[in-house]
Number of protein chains: 2
Amino acid sequence: MQEQANTIIQTLRSKGLRVTPQRFAVYANLLSRIDHPTVEQILTDLNKDFPVSSQATIYSSLQALREVGLVREVLLEEGVSRYDANVQLHHHFCCQRCGAIEDIAWDTFKCIELRNLRPGLHGETYEVTVQGLCDACGEGSNSRNEEVKVDSEQTDN
Amino acid sequence: MQEQANTIIQTLRSKGLRVTPQRFAVYANLLSRIDHPTVEQILTDLNKDFPVSSQATIYSSLQALREVGLVREVLLEEGVSRYDANVQLHHHFCCQRCGAIEDIAWDTFKCIELRNLRPGLHGETYEVTVQGLCDACGEGSNSRNEEVKVDSEQTDN
DNA sequence: CTTTGTGCAAACGATTTGCAGGATG
DNA sequence: CATCCTGCAAATCGTTTGCACAAAG
């Protein structure tokens, strides 16, 4: 765990970023999570035990990390940005019921043919977003009638 | 053109929506555009000649149209919602330079295998977002070095 | 005539910004 | 020690809401 810390410090330094406790904490937190937290979630998580950082600092840390390519912004819901320390190409799965977001390995769908685009468009890269039910929410998929459509009216408004 | 208007009116009525000049205008505007305008763009466009609608009304019209399934919200950039009267399944192309958004026919990429998802995830639907250069921006793609990376610093900040 | 929509302005929530003090290299 | 970061609070910007008046059916 000490080594992980060192690795993170090296990474930050190698990108020309000053290493501050806050910046370190934000990046370490993102690296340790598989969900794609919002700023608020990161802030809450970091300050759980004792105050480590402020909101504005999270924003600025994320911006710095994003500028050097260590972190990525993910837009899947309206209103909030989520962040991801997985900067490799990958797709996303988004649970329609609980909103959980999960990465999907890039080569799960490698059959996209950008050459199928109409002439004139020059595709460089792409990303697939899958909507569906995650493990927990899919369990009750026998009685889907009530379960599945819960959020489309409440979350939506 | 009179007929188109009637069709729109029929469509709105058939969905149980009252037909008001503003609501009509918003829907007609969306139907006539292939880009995916923001609220501000719709408002500007409608009020170009003379005042037709207010901001709050655009929002409420869009919400009503969305609730009955005539309009869809599209999230591709941070900070703004865009709207689309094409509610059929389709993918999106997003120009990395000018930000233009264009629909891609659903069957352009029909080889996605949702069964490739890891066990436990239950994929229902998906959408592909392609990033690249549109016709206009792709023209100068010979001299891509300077052209392509223009917006990542200006738009981004 | 009843119900629903419109428009204004105020409220809201996520994100950004200005600035003074503090930490990093 | 110069530079860059932090944290607070105020400012911004997209979106939502409350309410009085107007229009739709």
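**The surface near the DNA**

Modeller: Around DNA strand D there are 19 residues, the closest being Arg18(A), Thr20(A), Arg23(A), Gln55(B) and Tyr59(B); a residue is near a strand if one of its heavy atoms lies within 4 Å of it. Of the atoms of DNA strand D that come within 4 Å of the protein, 73% belong to sugar and phosphate. This is a predicted model, in which local features need pLDDT of at least 70, side-chain atom pairs count only at pLDDT 80 or more, and totals for chains, interfaces and linings use all residues. Residues are numbered from 1 along each chain as its sequence is written, chains are lettered from A and ligands numbered from 1 in the order in which they are written, and side-chain values use heavy atoms, without hydrogens and water.

Biologist: Which residues have an N or O atom close to a phosphate oxygen of DNA strand D?

Modeller: A polar contact is a pair of N or O atoms within 3.5 Å. The side chain of Thr57(A) places an N or O atom 2.9 Å from a phosphate oxygen of DNA strand D. Backbone atoms take part as well: a polar one of Val19(B) is 3.3 Å from a phosphate oxygen, and an N or O atom of Ser81(B) is 2.9 Å from one.

Biologist: Which helices supply at least two residues each of the surface near DNA strand D?

Modeller: Helices are DSSP runs (H or I, at least four residues), and strands likewise (E, at least two), numbered from the N terminus. Here the helices are α2 (21-32) and α4 (55-67) of chain A, with α4 (55-67) of chain B.

**The two chains**

Biologist: How many bridges join β5(A) to strand β5 of chain B?

Modeller: Two strands pair if DSSP finds at least two bridges between them. There are 11 bridges between β5(A) and β5 (residues 122-133) of chain B, and the strands run antiparallel. In this pairing, His122(A) is opposite Leu133(B).

Biologist: What area is buried between chain A and chain B?

Modeller: The size of an interface is often given as the accessible area lost when the parts come together. With a 1.4 Å probe and the loss summed over both parts, the buried area is about 3,200 Å², and carbon and sulfur atoms give 52% of it. Leu75(A), His122(A) and Glu124(A) supply 14% of the area that chain A buries against chain B, more than any other three residues.

Notes:
Polar contact = N/O pair within 3.5 Å; in protein donor to acceptor, adjacent residues only side chain to side chain. Buried area = accessible area lost by both parts, 1.4 Å probe.
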